[in-house]
Structures are given as C-alpha cells and as structure tokens.
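Please keep the sequence and the model side by side as you read.

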Amino acid sequence: VAVPLEPAPTPTTATASSSAGLVGMGGGPMMGQMGQMGGPMGVGGPMIAIAPDRTSTAAPLVPTRNLHVSEYGLGTTKEMIEDLFSPLCTIKKVVMKTGYSFVNTEDVHEALAAKDVLQGTELNGGIIKINFAKDKFMDQTQQWMQAAQQGMEGVT
C-alpha cells in the first residue's frame, strides 16, 4: 500500500492493496521510475510504502488448515460439502454461513491439496471458490514458519 507525499494534480483516490508493496494512484503496480528522494514516483509525486493493515479480513497469504468455500449453489448442505471434501482431507468441522462456509481440516497439506483439486468444481449448481481462512489455533508466526518449511522441502 502506498500513499503520495504530495497531493495528486487531479482528484484521484489511491486504492488500497491487501498486501504490502507499492501501488500507484490507479491501483496498478509501480513502475521503475525514481523520485528525487530515491523512491518510486507515482502520479503526483514520490510514493512511500506502508505496512499492510494487520486487521484486514483478506485471505491469508500462506496455507492454513481452514478453507473458506463460497459460490456453491443455493440449498447446498453441510453434508454435500463434507461429501465433496472428505475424500481429500480429514474434516474437523464444517461451519455453514449464509452463502459461504468454512471447512476446518486436520492438516495444512491436506487443505492445500483439497483447495488445488476442488477449486472451480461444480457444487449444487454453482462453481465453488476456495481460499485459505484464518486458523484461530495457529498464529501468524507459526503460519510463516510452516510456509518456509514447505518451501524448503525437496531442496538438497
């Protein structure tokens, strides 16, 4: 997320990004232009990077044991979701909400596999979308360590 150090010459609003990084005034990525202060230039002047909002409800960037499932057809039941996911992962709990649900699994690797296999699958007349959901029992540090470990697997 970036904010201008000087006001833009025309009334424009910077759009926020859910992850850290530099974003130009139109919401697009910053190009390699450098300002007088050595930082990237945006419309209206130099831009500075700010830390991401830690209260964001955006999907986690790293895999977790919990999946957010949405866009399935109306009338989808908990049992339908369990039947779809159970061949791929051990389900601890399915929490149904209006229009979406959470599939809480035992293992992050199983959740990742289920997400990869089932993304875009038809369920009760709708094409499902799957994202990782926050894991209330796993803090951010543990998630990053787990992701780093997964990235190192297979490296000799």
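K129 is partly exposed, with a relative accessibility of 45%; here buried means under 20% relative accessible area, exposed over 50% and partly exposed in between, using a 1.4 Å probe and protein chains only. Before going further, please note that this is a predicted model, in which local features need pLDDT of at least 70 and side-chain atom pairs count only at pLDDT 80 or more, while totals for chains, interfaces and linings use all residues. Residues are numbered from 1 along each chain as its sequence is written, and side-chain values use heavy atoms, with hydrogens and water left out.

What does K129 meet in a salt bridge? Its partner is E71, at 3.8 Å from N to O; a salt bridge here is a side-chain nitrogen of Lys or Arg within 4 Å of a carboxyl oxygen of Asp or Glu. K129 sits in strand β9 and E71 in the loop between β4 and α1 (78-85), so the bridge ties together parts that are 58 residues apart in sequence. E71 is also partly exposed, at 44% relative accessibility.

Searching the whole structure gives two salt bridges. In the other, D135 pairs with R65, and their closest N and O atoms are 2.6 Å apart. D135 belongs to the loop between β9 (129-133) and α3 (140-152), and R65 to the loop between β3 (45-49) and β4 (66-70), so this pair links parts that are 70 residues apart in sequence. Are these two side chains buried or exposed? D135 is buried at 4% relative accessibility, and R65 is buried at 17%.

Now step back to the whole chain. It has three helices and nine strands, where helices (H or I, at least four residues) and strands (E, at least two) are DSSP runs numbered from the N terminus. Their order along the sequence is β-β-β-β-α-β-β-α-β-β-β-α. Of the contacts between residues at least 6 apart in sequence, 60% join residues at least 24 apart; a contact means heavy atoms within 4.5 Å. Buried residues account for 33% of the 156 residues.

Next, look inside. The largest nonpolar core has 16 residues; such a core is a set of buried Ala, Val, Leu, Ile, Met, Phe, Trp, Tyr and Cys residues joined through side-chain atoms within 4.5 Å. L67, V69, I81, F85, V103, I128 and I130 touch the most other members. At least two residues of this core come from each of β4, α1, α2 (108-118) and β9.

An α-helix has 3.6 residues a turn, so residues three or four places apart point the same way. Leaving aside neighbours within four places in sequence, F85 contacts L67, V69, I91, V103, A114, L118 and I130.
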